[in-house]
Amino acid sequence: MSGLFPKTASWLEERIGLGDLIKRTLTGYGIPARATGLPFCLGGLAILFFLSQLLTGILLLVHYVPTSAGAFHSVERITLEVPFGWFIRGLHSFGATTMIIAVMLHALRVFFFAEYKNPRELHWVTGMILLLLTLFLAFSGYLLPWTQLSYWGSTVGTETLRDIPLIGEQCVQLVRGGTNVGEPTLHRFFALHVVILPLAFLGLFGIHIYFVRRTGQGGPPTIRPGEPKYPFFPNHVAKELLVFAIVLFVLTLLIIFWPEVREEPADPFNTPKHIKPEWYFLPSYQFLKIVSPKWFALLLQGLAVMVLVLWPFLDRSEERDIRKRPLLLAFSILAILVVLGLGVWGHYS
Amino acid sequence: MVDRRTILVSSVQACGLAALASGGYITANYLAPIPEGLGEEEVEIPAERLKPGQGVQVVHKGKPTLIIRDREGELHALTAVCTHLGCLVKWNEDAERIECPCHDATFALDGTVLGGPAPKPLPKVPVGVKEGMIQLGEKT
C-alpha cells in the first residue's frame, strides 16, 4: 500500500488486515483477459449507478414529504430552493434511466456471448430478476413527485392489472391500497421504493455476485480454458470507474442543459392528454393496446418474461458462438427490433 | 526517484479525493439548513386584541416569541424558548409569570429568572404598536 497516505495504510493494515482482505477478495481474483472491454464494464456500471441512486435517494429523503399534500411541494422545494437540490434530483432521475440502460445492455451482452450456459445458468436467472427489480424500482419512484404525469402514469400502469382474469380487481386494489390512486398508493409506492425494493435488490445482487465468483465470468464465446487472467482489482475496477465517471460527466451536462420541466401537481379530477408510461414500459404499453383481449396480452407478456428468466434451461445447445446459430441470431435480433418498434410506436401513437 | 506506478497511484488517489471533496461540498450545501422566512414574517395582531394580563405566542423571524400585556397595559415581548433545555415557556395569567412546563423554571415579565434551573433570563424582543397593530423587531 503506497500512495498519498502510506502511514494511514500501514496503520489500518496492522489493525484490520485491509491488505489481506483486499488480496483475498479483490486483487487475487482474476477475470478472463479478453473480458475486460467496454461491454464487460456494464455490470459494474449498473451497480455503481445503483449506489449513486442509493446516495441521491437518501439525500432526497431529507427533504421529501411522502404525503399527497406535501409530496409535490417538497419536490418543488428540492428543485428550486435547496442548494444543489436540482442537481441531486436530476442525478436521481437521469441515474434511474442510465441504470436501466446499463442493466439491459449488460443482459444483452450476456445473452449474445451466451455467458448463461452451463454452469452459469443462475447468473442469468438472478440477473433477469435484478432487471425486473430495477424496472419496479423505477415504476414505484415515478409516482413519488406526485405530478399530473406521475399520478396518471401510475394510474394507467396499475390499471393494466385489472385485466388479469379472476383476481384483476383485487390486484389493482392491493397495489393501490384502494379503488383509485391516492394517499395509500403513495405510501405503498414510497415503502416499496425506499425500503422493500432496494433491500431486495441488494440481497439478490449479493447472490448474483456470489454465483459469478463461484463459477467465474464467462467472457467472449471464443474463450478457451487456460487463457490468461486479468486482475479484477484495481485494473478492471479502474476501467469501470472511468466509464462511470465519463457517464456521470455526460449526465451532469444533461442535468445542467436539459433540466426537469416544471410540472403541475397531481389532480385526481383532471386527466391530462396523452398520458404515456416512461420509455422502458412503452413496448409493453403498446402491446397491451394492440392485442385483444387484454388478459391474453397480459398472458403473452407474462410468458415472455418467464421464457426470458428461464432461458438458460430452454436453450440446451452447447454452442456458445451465436454466429454459428443463425436461427437464434435472427430470432434474437427480430425480437429486439419488435420491442424497439413497439416502443417507438407507443411513443408516437 | 519517483516511479511511474507511484505517480499513477497518487494521481488516482488525488482524483478520488477531488471527487469526494466535490461530492462532500454538494452534500454539505444540500443538507445545510435553509433560513425560513427570515425578515419576511410580520406579526399581525391588533393591539386591542391583547387585553391587560393576557399573553400570546407568535413566531417572529422563525423563533417562538411571547407577547404579554401587563396589568398596567404595557407590552412585553420575549423569546419563548426556555434558557434551560429549550422547551417552550408559557404565560401563566393567574400567577402573572412565565413558566416552563418541562422543569418548572419561572421567569418574570422582563425575562429575569424567578426560580428553577434556567441559567439565564429570557431574551427580550423589541415590541411596539404601529397603526393599531403590534410590531416586533428592531424597527419599532
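Visitor: What share of chain B counts as buried?

Guide: Of its 140 residues, 16% count as buried, where buried needs 20 or more other C-beta atoms within 10 Å of the residue's own, exposed is 12 or fewer, partly exposed is in between, and C-beta atoms are placed from the backbone. This is a predicted model, in which local features need pLDDT of at least 70, side-chain atom pairs count only at pLDDT 80 or more, and totals for chains, interfaces and linings use all residues. Residues are numbered from 1 along each chain as its sequence is written, while chains are lettered from A and ligands numbered from 1 in the order in which they are written.

Visitor: What radius of gyration does chain B have?

Guide: Chain B has 25 Å, whereas a compact globule of 140 residues would be near 14 Å. The radius is taken over C-alpha atoms, and the globule rule is 2.2 Å times the number of residues to the power 0.38.

Visitor: And what box do the C-alpha atoms fill?

Guide: Along the principal axes, the box for chain B is roughly 85 × 40 × 20 Å.

Visitor: Which strands make the open sheet of four?

Guide: The order is β5-β6-β7-β8 of chain B, paired antiparallel; two strands pair if DSSP finds at least two bridges between them.

Visitor: Why is one side of β5 and of β8 left without a neighbour?

Guide: β5 (90-92) and β8 (113-115) of chain B stand at the edges with a single partner strand each, so one side of each has no neighbour in the sheet.

Visitor: How many bridges join β6 and β7?

Guide: Two, between residues 97-99 and residues 106-107 of chain B. B:Ile98 stands opposite B:Phe107 there.

Visitor: How do β2 and β3 of chain B pair?

Guide: Residues 55-60 and 63-69 pair in the antiparallel sense over six bridges. B:His60 has B:Lys63 as its bridge partner. The hairpin has two residues between the strands, and B:Lys61 takes a positive phi near 50°.
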